[in-house]
Amino acid sequence: MNILVVGSHGQIGRQLVERLADGPHRVTAMVRSAGQEAEMRERGADATVVVDLEGDLAPAFEADVDCVVFTAGSGPHTGPEKTDAVDRDGAIRLVDACVERGIRRFVMVSALRVGCPEQAPASLRHYLEAKAVADDHLRATDLDYTVLRPGRLNDDPGTGRIAAGLPLPADEIPRADVAAALAVILDRPATIGRTIDITRGETPVEEAFRA
Ligand SMILES: NC(=O)c1ccc[n+]([C@@H]2O[C@H](COP(=O)([O-])OP(=O)(O)OC[C@H]3O[C@@H](n4cnc5c(N)ncnc54)[C@H](OP(=O)(O)O)[C@@H]3O)[C@@H](O)[C@H]2O)c1
């Protein structure tokens, strides 16, 4: 597959690109600025493309793309307007671009408790509501989607073990294990059409998505 990693320069994205580098897929790393391209090639990307989710998305699709992984995000240090522009509208426009172009596979990094923001701290509610709109938009298409909803991310070393299911109670997960899960999901047709929560756990990542 030709995989476009959106948010490739992020903390999960970089680890995902490194994981995919040794595998059978061709990886294009989408970055926000030209200054990030060399690093992404060093991390193993076969190609890079400079595209801002708030701008024209067409250049992201100039080379062949069969699959999009969305792991971008406006982050905790911007306001609600960036959450809307990037996490919600950027994702929606990317989904629409895939529908228009017949790109079938779309893996969305979402978040635990999207869909039940009332269970989350008030500071997270706008973000969770924005992600919910994007997730619903994706699920309403006929794309081969997977919505992956990690718990609170941390930078602990990856364990290679997770809990996966729906719904899972609130818990944390190392970003490294989210990247590992994404790499596995890409080769698991059983995850198509699924929304899956993941947190730290005991199941080896390779086994978590077989059923
Ligand atoms: N924090 C949590 O506890 C949590 C929990 C569950 C899910 N998540 C989701 O997981 C995602 C990935 O996490 P992470 O730690 O890898 O995030 P991250 O390090 O902040 O990475 C986000 C990436 O998105 C890129 N980006 C931001 N705005 C963009 C735009 N307008 N156009 C194109 N790219 C843009 C950033 O680009 P630059 O590198 O140029 O900044 C960055 O590479 C988060 O964004 C969030 O939605 C987070």
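Start at the ligand: its shell holds eight nonpolar, 10 polar and six charged residues. Here Ala, Val, Leu, Ile, Met, Phe, Trp, Tyr, Cys and Pro count as nonpolar, Asp, Glu, Lys and Arg as charged, and the others, Gly among them, as polar.

This is a predicted model: local features need pLDDT of at least 70, side-chain atom pairs count only at pLDDT 80 or more, and totals for chains, interfaces and linings use all residues. Residues are numbered from 1 along each chain as its sequence is written.

Now select the 24 residues around the ligand; G10, I12, L53, A72 and G73 are the closest. At least two shell residues come from each of α1 (11–21), α3 (80–101) and β7 (152–154). Helices (H or I, at least four residues) and strands (E, at least two) are DSSP runs, numbered from the N terminus.

Next, the sheet. Nine strands make it, open and mixed, in the order β3-β2-β1-β4-β5-β6-β10-β8-β11. β3 (47–50) and β11 (203–204) are the edges; each has a single partner strand, so one side of each lacks a neighbour in the sheet. Strands pair if DSSP finds at least two bridges between them. Zoom in on β2 (residues 26–31): four bridges join β2 to β3, and the two run parallel. Pick V31; its bridge partner in β3 is V50.

Finally, colour by pLDDT, the predictor's confidence in each residue, from 0 to 100. The protein's mean is 97, and 100% of its residues reach 70 or more.

How values were computed:
Near = placed C-beta within 6 Å.
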